[in-house]
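Hi,

Here is the structure we talked about. Please open it first, then read my notes below.

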Amino acid sequence: MKLKKQTLIIAVIALCILSANICFAQEGYCSVFSTNVSFVKSSATSAKASVSSKSNGAADKMKATLRLQVYSTSKGKYVNSSADPVSKTVSSAAISFSHAFKISPSKKYRIKITVSSTTGSQTFSKNYYKVL
């Protein structure tokens with residue numbers, strides 16, 4: 001009886017380790033980015049957002065979306081502005097992208113940048129934020 005219990009415990013531990021390795025492999029191959037983000041004023045009415053990102057693996061494609069957000073004093077948080085988001089998709093494991101947004105000098109802004117990496121049917125995405 002003692003031997004069966006020890007064998008069962010060892011089997012469960014081995015299964016847990018195997019499952020952890022499979023999950024890590026599935027999520028890890030395209031999920032880590034090396035990313036640089038900037039958001040700077042070009043003038044009193046313009047701000048430039050830039051992103052440069054690289055997947056740690058051989059991604060089939062990468063996509064970056066830039067979305068301008070404005071601070072809402074009534075809500076006490078940043079909300080999406082009326083400016084349309086802009087996106088770029090490339091068929092590689094690296095992407096660089098910039099866009100100039102019109103701004104009002106009297107408002108507070110930040111940029112929300114979503115970077116995604118796709119390999120096969122697996123897509124991983126991550127959001128980055130930068131206040132102006």
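Predicted model: local features only at pLDDT ≥ 70, side-chain atom pairs only at ≥ 80, totals over all residues.

Strands β7 and β8 (residues 122-131) run antiparallel and are joined by 10 bridges. I call two strands paired if DSSP finds at least two bridges between them.

Residues are numbered from 1 along each chain as its sequence is written, and side-chain values use heavy atoms, with hydrogens and water left out.

Strand β7 also pairs with β3 (residues 61-72): 10 bridges, antiparallel. T65 has T114 of β7 as its bridge partner. Eight of the 11 residues of β7 are buried. Buried means under 20% relative accessible area, exposed over 50%, and partly exposed in between (1.4 Å probe, protein chains only).

Now T118, which lies in β7 (residues 109-119). T118 counts as buried because its relative accessibility is 10%. Its side chain makes a polar contact of 2.9 Å with the side chain of T123. (A polar contact is a pair of N or O atoms within 3.5 Å; within protein, one must be able to donate a hydrogen and the other to accept it, and residues adjacent in sequence count only if both atoms are side-chain atoms.) Leaving out residues up to four places away in sequence, T118 touches A59, D60, K61 and T123. Contact means heavy atoms within 4.5 Å.

The structure holds one aromatic pair. Y71 and Y78 sit edge-to-face, 5.3 Å centre to centre, with 75° between the planes. (Rings of Phe, Tyr and Trp, the last by its six-membered ring, pair if their centres lie within 6.5 Å; planes under 30 degrees apart are stacked, over 60 edge-to-face, the rest tilted.) Y78 is buried at 18% relative accessibility, while Y71 is partly exposed at 29%. K108 lies over the face of Y71, 4.7 Å from the ring centre. That call needs NZ of Lys or CZ of Arg within 6 Å of the ring centre and within 35 degrees of the ring normal.

Helices (H or I, at least four residues) and strands (E, at least two) are DSSP runs, numbered from the N terminus. Of the 132 residues, 29% count as buried.

Best wishes
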